[in-house]
Amino acid sequence: MTASEYLASFLIPSRGHAERLAETITALRSAAIEPRAVHFVVRADDTDPATVEFLVAEDARQAGPIDGIIGPPTERERLFLYYNRMAKLARGRWVIPWTDRARLSRAWDVALDVTRADVALLPDASGAVALTREACARLGGVAPTERVASWIRAVAVAAEFSVAPVERAVARDYGLGGPLTPEEAAHAREHGERVRAAERKASP
């Protein structure tokens with residue numbers, strides 16, 4: 001894996017809310033001490049011209065690093081597939097599944113930069129998380145369920161990844177929490193245990 005170009009890559013699927021998306025990206029940049037170290041990957045439908053136009057305009061004005069994935073709305077009920085595909089374009093040290101309404105507190109990037117863990121917990125009622133790009137690769141993607149944050153937390157524990165809170169960085173309106181179903185919880189545990197066993201076998 002190549003060295004990270006940025007501190008963080010936010011993965012944001014957006015549909016029909018171009019103005020809200022623009023406000024979220026602006027807010028995240030404004031709250032960062034080093035906004036040029038923040039990278040965005042946005043997934044937009046090709047049937048959503050306003051969001052497509054926003055991405056084109058963002059690229060043209062070079063306000064900050066942003067990559068767009070534009071395609072047909074074939075996965076309307078499979079949001080996690082968007083996150084897994086966006087993660088392949090991540091260029092930040094941290095990969096952060098996000099929404100087009102969520103926010104972070106001032107200087108969140110400084111707090112995240114000094115966090116030493118595979119998975120970082122961003123204090124929020126819905127359990128916002130970030131994971132390193134290396135951890136994302138080790139897991140084979142972001143999540144196989146809509147309950148993205150809960151899956152990452154559960155599989156990280158089963159895989160014995162290091163997990164730590166991000167001090168002084170608070171998320172709000174995250175919206176990717178929610179408890180796993182019993183089947184998802186079992187799947188997360190089994191997947192994490194497989195990752196842990198494979199890494200132990202590969203280690204000298």
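Begin by colouring the chain by pLDDT, the predictor's confidence in each residue, from 0 to 100. Confidence is lowest in strand E9 (residues 171-172), with a mean of 82, and highest in strand E4 (residues 92-97), with a mean of 96. Helices (H or I, at least four residues) and strands (E, at least two) are DSSP runs, numbered from the N terminus. Over the chain, the mean pLDDT is 89, and 95% of the residues reach 70 or more.

This is a predicted model, in which local features need pLDDT of at least 70 and side-chain atom pairs count only at pLDDT 80 or more, while totals for chains, interfaces and linings use all residues. Residues are numbered from 1 along each chain as its sequence is written, and side-chain values use heavy atoms, with hydrogens and water left out.

**Helices H1 and H2**

Select H1 (residues 18-31) and H2 (residues 49-61). Their axes come within 8 Å and cross at roughly 35°; axes are lines fitted to C-alpha atoms, for helices over the stretch in contact, with angles running from 0 to 180 degrees between N-to-C directions. On the H1 side, show Ala18, Leu21, Ala22, Ile25 and Arg29; on the H2 side, Ala50, Thr51, Phe54, Glu58 and Arg61 make the contact (heavy atoms within 4.5 Å). These residues divide into six nonpolar, one polar and three charged. In this grouping Ala, Val, Leu, Ile, Met, Phe, Trp, Tyr, Cys and Pro count as nonpolar, Asp, Glu, Lys and Arg as charged, and the others, Gly among them, as polar.

**Salt bridges**

How many salt bridges does the structure hold? There are 13, each being a side-chain nitrogen of Lys or Arg within 4 Å of a carboxyl oxygen of Asp or Glu.

Because Arg29 lies in H1 and Glu58 in H2, the bridge ties together parts that are 29 residues apart in sequence. Both residues are buried (under 20% relative accessible area; exposed is over 50%, partly exposed in between; 1.4 Å probe, protein chains only).

Next, select Glu5 and Arg91, a salt bridge with its closest N and O atoms 3.3 Å apart. Glu5 belongs to the segment before strand E1 (6-14) and Arg91 to the loop between helix H3 (79-87) and E4, 86 residues apart. Arg91 is partly exposed, at 23% relative accessible area.

Finally, select Asp45 and Arg43, which meet in a salt bridge of 2.8 Å, N to O. Asp45 is buried at 2% relative accessibility, and Arg43 is buried at 8%.
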